[in-house]
2 protein chains.
Amino acid sequence: AIAAHCAGLFDTGSLAGKRVVITAGPTREALDPVRYISNHSSGKMGYALAEAAREAGATTVLISGPTHLPSPERVTLLPVVSAEEMYAASLQALPDCDVFIATAAVADYRPDQAAAQKIKKGERDTLVIELVKNPDIVAAMAAHTPKPFTVGFAAETERVIDYARDKLERKQLDLVVANDVSRSDIGFNSDENAVTLVWPQREENLSRRSKHQLARDLVERIARQLA
Amino acid sequence: AIAAHCAGLFDTGSLAGKRVVITAGPTREALDPVRYISNHSSGKMGYALAEAAREAGATTVLISGPTHLPSPERVTLLPVVSAEEMYAASLQALPDCDVFIATAAVADYRPDQAAAQKIKKGERDTLVIELVKNPDIVAAMAAHTPKPFTVGFAAETERVIDYARDKLERKQLDLVVANDVSRSDIGFNSDENAVTLVWPQREENLSRRSKHQLARDLVERIARQLA
């Protein structure tokens with residue numbers, strides 16, 4: 001009875017009855033059993049969005065690369081390591097997905113072949129690594145029929161809005177959240193962020209605030225689009 | 001008076017009056033402002049050795065790549081990111097160094113040039129990264145006059161002892177601590193380790209134990225060599 005009552009409470013949220021899938025964190029692309037290519041994503045924005053979506057009543061799935069964050073409560077956490085694993089988990093989570101939010105900093109490329117044994121340094125002064133393109137997860141989700149409301153993130157160091165709008169149009173996204181990671185006070189690993197929402201017809205600045213507040217503000221804006 | 005008393009207590013340790021420099025953790029080699037090459041080293045072994053050296057009375061310097069570990073008490077922590085930074089910090093710490101212990105998993109290679117701006121994916125299905133060799137920190141320390149007692153670590157996935165002995169001889173080290181990182185129960189990120197000590201004339205197995213106990217056992221063996 002208590003469970004039913006609690007479930008009832010969530011049903012009143014702005015995303016009640018909706019299924020939200022969120023990717024978070026970095027991916028790691030193995031060069032060999034000990035070395036990898038990765039990036040500075042902490043996962044904080046994606047975890048905060050998962051909490052906010054759950055608070056808004058959504059059934060929430062969080063597909064996360066390696067982070068040091070605790071699992072949010074009442075969220076289904078699917079841990080992955082590489083971009084290919086994240087892609088597979090995203091495809092699996094796609095049926096009945098109403099909203100797909102891609103916050104993960106997915107490696108664009110991975111080593112063509114991960115060595116089975118540790119690469120020995122040897123005598124060579126240089127080494128060439130050949131990388132191949134990873135699947136484009138958010139574009140694949142946006143191309144699905146029926147299409148979930150698909151949100152991308154663009155972390156850029158220059159021409160932030162230009163790149164974000166290009167991403168929105170090229171990948172047929174419904175919203176791109178753009179932020180300037182060249183600023184050291186916000187973004188990667190920070191607890192705060194300031195972003196520009198790039199919608200198909202307009203832009204909207206969300207000034208600097210905690211990632212938790214930003215997550216709630218984003219969830220409310222997404223919920224309004226679904227209503 | 002209490003400080004003097006405490007200092008006096010440490011002077012009775014097996015490394016009293018000695019200066020120990022330890023490198024720990026991974027290094028990160030930037031591909032661009034957001035991407036890097038790194039490895040799975042947690043830093044736990046190096047931090048445990050720093051604690052054990054300090055407990056044995058040594059003045060202890062810990063040069064650490066990015067980890068999530070708390071700074072050990074009464075140890076001078078020098079945080080670094082890249083192999084080149086670790087090399088520079090090691091050279092600076094070298095004067096009067098009695099023991100140099102290289103636990104860090106230093107990247108053998110770094111990208112030839114880190115891009116100043118985030119690399120855009122573009123249309124290409126493949127990408128080639130050119131890497132150049134990083135300085136060999138432990139070999140440089142062992143080549144210094146006067147030579148500190150120099151300890152290397154060899155984390156291998158195959159032919160563990162062969163590679164460790166080769167490293168000992170090629171780099172003129174005094175001891176190599178060899179461990180098999182293909183075993184998932186020990187080594188990287190684990191709180192336990194089992195190692196083989198590769199000395200110039202013999203080998204010695206230290207069976208599986210906590211990294212803290214292993215650190216104390218290693219420090220005692222090193223102290224005996226200095227006595």
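I take two strands as paired if DSSP finds at least two bridges between them. Helices (H or I, at least four residues) and strands (E, at least two) are DSSP runs, numbered from the N terminus.

**Entry 1. The model.** I note that this is a predicted model, in which local features need pLDDT of at least 70 and side-chain atom pairs count only at pLDDT 80 or more, while totals for chains, interfaces and linings use all residues. Residues are numbered from 1 along each chain as its sequence is written, chains are lettered from A and ligands numbered from 1 in the order in which they are written, and side-chain values use heavy atoms, with hydrogens and water left out.

**Entry 2. Chain A.** I counted six helices and twelve strands in chain A. The radius of gyration of chain A is 18 Å, close to the 17 Å that the globule rule gives for 227 residues, so chain A is as compact as a globular protein of that length. This radius is taken over C-alpha atoms, and the globule rule is 2.2 Å times the number of residues to the power 0.38. Along the principal axes, the C-alpha atoms of chain A fill a box of roughly 65 × 40 × 35 Å.

**Entry 3. Strand pairing.** I looked up β3 (residues 35–39) of chain A and found five bridges to β3(B), the two strands running antiparallel. In this pairing A:I37 stands opposite B:I37. I then turned to β8 (residues 126–133) of chain A, which pairs with β7 (residues 109–111) of chain A in the antiparallel sense over three bridges. There, A:L131 is the bridge partner of A:P111. β8(A) is also joined to β8(B) by seven bridges, again antiparallel, with A:V132 opposite B:T126.

**Entry 4. The interface.** I found 38 residues of chain B in contact (heavy atoms within 4.5 Å) with 38 residues of chain A. The two chains bury about 3700 Å² between them, 52% of it on carbon and sulfur atoms; buried area is the accessible area (1.4 Å probe) that two parts lose on being put together, summed over both.

β8(B) gives the most, with eight residues.
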